[in-house]
Amino acid sequence: MVATITQDQKVFLVDDDQEIRSTLSRALEMRGYKVETFDSAMGFFDSYDRKQSGCVILDYGMPEMNGLELQQLLTDQGIKIPVIFVSGHGGIPESVQAIKGGAIDFLEKPFRQNVLIECIEKAFEQDDETRAEAHQIHVEQQRFHSLTEREEEIAKMMVNNPSNTSSKDVGRLLDISPRTVDHHRARILEKLDIKSVAELIDIAPDHWRDKK
C-alpha cells in the first residue's frame, strides 16, 4: 500500500519497550511517517494536543495504566483520535473490548509491518472524516449563534410547528405582521445557508425542539 500521508498527520507510538519504540518508529519514519514516541500511557495523555491529527499505536500491556485504560480515558475526555492496539499479552477478551471501544484493530506481536501500515492508513482516513464532521458541526453551530433573538424565536417556532410555518401563521402567533416575518425568514435562511424551512427543521439543534 502506498502511504497517503498529509502534512500534519502523526503516528503516536505508546509502548514501554524501548527496543520496540526505536525499531518501529525508525521503520515508520523510513516510510515517510512522522512519529512521536512515549513510554507510558499517561506520558502520551498528558502531552497530547487534541488538535493534532493522526493515530495512536498503543501497546496493551503497560504498567500503571494499560492500553485499554488509556482508550477509556480518551473516550471519557471526548478525544476521538483512532487507536491501533498492539500486544504480546492480550487475549480474546481484551481484543474484543478494544474493538468495541472503537479501536481500528488489535494486532498481536509479532505482526507484519504491511498489516500495521494498512491499519495506519485506515486510521488516518477515519481521523480525517471525524475532524471534517466536527468542523461542519462547528460551522453550523456558529451560523445558529449568528441569529438575533427574534430570528431565533421565529426559527424555533417553525421547527416546532412544521404544519404552521407560513408567514401569516407565525405572524399571528407572535403578533407581528407577515411582512416582518418574511424579512426575518429570509435572514434566517441566508445566515444558515439553507434554502427552505424543511432544511431548517432537519438541521435544527436538538435543544431547540419541544420535548413531547
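This passage walks through the fold of one protein chain, from its overall shape down to a few single residues.

The structure is a predicted model, so local features are taken only at pLDDT of at least 70 and side-chain atom pairs only at pLDDT 80 or more, while totals for chains, interfaces and linings use all residues. Residues are numbered from 1 along each chain as its sequence is written, and side-chain values use heavy atoms, with hydrogens and water left out.

Start with the overall layout. The protein chain has nine helices and five strands; these are DSSP runs numbered from the N terminus, with helices (H or I) of at least four residues and strands (E) of at least two. Read from the N terminus, the order is β-α-β-α-β-α-β-α-β-α-α-α-α-α. The radius of gyration of the protein chain is 24 Å, whereas a compact globule of 212 residues would come out near 17 Å. That radius is taken over C-alpha atoms, and the globule rule is 2.2 Å times the number of residues to the power 0.38. Along the principal axes, the C-alpha atoms fill a box of roughly 75 × 35 × 30 Å.

Next, the surface and the contacts. Of the 212 residues, 41% count as buried, where buried means under 20% relative accessible area, exposed over 50%, and partly exposed in between (1.4 Å probe, protein chains only). As for contacts (heavy atoms within 4.5 Å), take those between residues at least 6 apart in sequence: 65% of them join residues at least 24 apart. The protein chain carries 26 positive and 38 negative charges, and their mean positions are 8 Å apart. Here Lys and Arg count as positive and Asp and Glu as negative, with His and the chain ends not counted; each charge is placed at NZ of Lys, CZ of Arg, CG of Asp or CD of Glu.

Strand 4 pairs with strand 3 (residues 54–59) in the parallel sense over four bridges; two strands pair if DSSP finds at least two bridges between them. Val-56 stands opposite Val-83 of strand 4.

Two helix residues are also tucked away. Asp-127 sits in helix 5 (residues 113–145) and, at 2% relative accessibility, counts as buried. Setting aside neighbours within four places in sequence, Asp-127 touches Ser-53, Gly-54, Lys-80, Ile-81 and Pro-82. Ala-155, in helix 6 (residues 149–160), is buried because its relative accessibility is 0%. With neighbours within four places again set aside, the contacts of Ala-155 are Leu-147, Ile-188, Leu-200 and Trp-208.

Other helix residues face outward. Lys-100 belongs to helix 4 (residues 92–100) and is exposed, with a relative accessible area of 71%. From Lys-100 to Ile-194, 94 residues away along the chain, the C-alpha separation is 37 Å. Arg-179, in helix 8 (residues 178–192), is exposed at 71% relative accessibility. The C-alpha atoms of Arg-179 and Ser-167, 12 residues apart along the chain, are separated by 7.4 Å.

Finally, some backbone details in the loops. Most residues other than glycine have a negative phi, and most peptide bonds are trans. The bond from Lys-109 to Pro-110, however, is cis, with omega near -5°, and Pro-110 lies in the loop between strand 5 (105–108) and helix 5. Glu-64 has a positive phi, near 70°; this residue lies in the loop between strand 3 and helix 3 (67–76) and is exposed at 84% relative accessibility. Asp-175 also has a positive phi, near 60°. Asp-175 is part of the loop between helix 7 (167–174) and helix 8, and counts as exposed at 71% relative accessibility.
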